[in-house]
Amino acid sequence: MQIKQLPADFKEALPVLEKIEQAGFEAYFVGGSVRDHILGLPIHDVDIATSAYPEEIKKIFNRTIDTGIQHGTVTVLMNESSYEITTFRTESGYQDYRRPDKVTFVRSLEDDLKRRDFTINALAVDRNGNVIDKFDGLKDLDRKVIKAVGKAEERFHEDALRMMRAVRFQAQLDFTIEEQTAQAIADNAPLLEKIAVERIREEFVKMMLSQSWQIGLSEFIKLNLSEYCPDFGDQKFELAELLEVEKQTFIDEDEAWAALGYVLELNHPEFNKLLRDWKVSNKTREASLNTLNMLHLFESQDFDLWNIYKLGVDNFERTIDLSKMFQIEFDYDELRQKVDHISIKSSHDLAITGKDICEILGIKPGPIIGKSMSQIERGVVEGNVYNNFDELSHYLLSNQ
Ligand code: ATP
Ligand code: MG
């Protein structure tokens, strides 16, 4: 197959390939960008693979950065862009089912393609648009199949993260996993326990934020992967409840975690533990916890503007979205109008300070300041007083 019209991102990078070839080496576009272009999807980061060793690449180009030189990756800066150029390599010495501890630079493209995870990710394109397809990746793209390069079992033993990548790509591309590859995942799922949780999380979140996340999640459960992820142990049935709901896509990671917390029926400390075990960022942990709390309030129908404000107005849209997903019914529009009228995000936005309060009340700093401040804050949130200095002073005095 020949790609007649190279996409703009590839065209722009052609001078890089040409320079490498002029120096007597081979260079190709590889990996995700080739796959996505053939599928007609937008491409991000163009990866280039070459027979030149890193030191040789550094001699060819004036401006380079040693991005991951021990793994063979050098970043080349050319015109206004930067390109990651990785030397063809093979990998060996996979200990503990994790990434290899030894990479060997090689001169053969085929050897490099052989170490890649799935056939659809093992395609290369030369500067004339010729597709090099040693493992029937084109056929698998056409029949929408994720299939390991070589023996699936061995490939998952080398790097167990590939099992998570399989369900992630399935969700992103709406593909199916080829039978033997799927069987090898089901058989080797326990190996996932050897993988750093951060790497699992990265794939899991990419899966949950994909268009077809329910397809990925369904396979993640069916192929036993969920059993070996933090706090999902014996929760197949509960997780599967997410497959029943009608949902397009999640707004963000925070919403996806809150949805998981909801179906797993976790209370605050349990959900906090799950988020810590998955090592999500503090920001995501806080937003997810508050979103789930807000969702529980909506469900109980027992809440007021102050509760919503305290849990963060920023979490409101996410919670509305989840309420619809889980069919928690109430008048969203009326509530949204009220929430839209909350004029502050935190007490820092108040038009009065602690010092002002001392002066107005003629008192020294002390606990009463904090109390007065929250009283004013609540007054503003509930729309009982405008957030300007004069009105707030008046409100303060009349509520003593
Ligand atoms: P994305 O669109 O998420 O960037 P991608 O296919 O480009 O998808 P990357 O993680 O960027 O994925 O990896 C680039 C390429 O490197 C892959 O297409 C694949 O060929 C190879 N690769 C990445 N991770 C692995 C792995 N764990 N095992 C084998 N090959 C891998
Ligand atoms: Mg990529």
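Predicted model: local features only at pLDDT ≥ 70, side-chain atom pairs only at ≥ 80, totals over all residues.

Trainee: At what angle do helix H19 and helix H20 pack, and how far apart are their axes?

Mentor: In general, two packed helices are described by the angle between their axes and the distance between the axes. Here, H19 (residues 367-381) and H20 (residues 389-398) pack at about 120 degrees, with axes 10 Å apart. Angles from 65 to 115 degrees would count as roughly perpendicular and those over 145 as roughly antiparallel, so H19 and H20 are oblique to each other. H19 passes H20 in a right-handed crossing.

Trainee: Which residues of H19 and H20 meet?

Mentor: From H19 come Ser372, Gln375, Ile376, Gly379 and Val380, and they meet Leu392, Tyr395 and Leu396 of H20. By class, that contact has five nonpolar, three polar and no charged residues. As for the spacing, an α-helix has 3.6 residues a turn, so residues three or four places apart point the same way.

Trainee: Now the sheet. In what order do the seven strands come?

Mentor: The order is E3-E4-E5-E2-E1-E8-E9, in an open sheet with mixed pairing. At the edges, E3 (64-68) and E9 (131-132) each pair on one side only.

Trainee: In which sense do E1 and E2 pair?

Mentor: Antiparallel, over four bridges. Phenylalanine 29, for instance, has isoleucine 48 in E2 as its bridge partner.

Trainee: Which strands does helix H1 lie across?

Mentor: H1 (residues 8-22) lies across E1, E2, E4 and E5, running at about 150 degrees to E1.

Note on methods
Residues numbered from 1 in each chain as written. Chains lettered and ligands numbered in written order. Heavy atoms only, no water. Axes fitted to C-alpha atoms, helices over the stretch in contact; angles between N-to-C directions. Helix = DSSP H or I, 4+ residues; strand = E, 2+ residues; numbered from the N terminus. Parallel < 35°, antiparallel > 145°, perpendicular 65-115°, else oblique. Left-handed = near helix turned anticlockwise from the far one by under 90°. Contact = heavy atoms within 4.5 Å. Nonpolar A, V, L, I, M, F, W, Y, C, P; charged D, E, K, R; others polar. Pairing = 2+ DSSP bridges.
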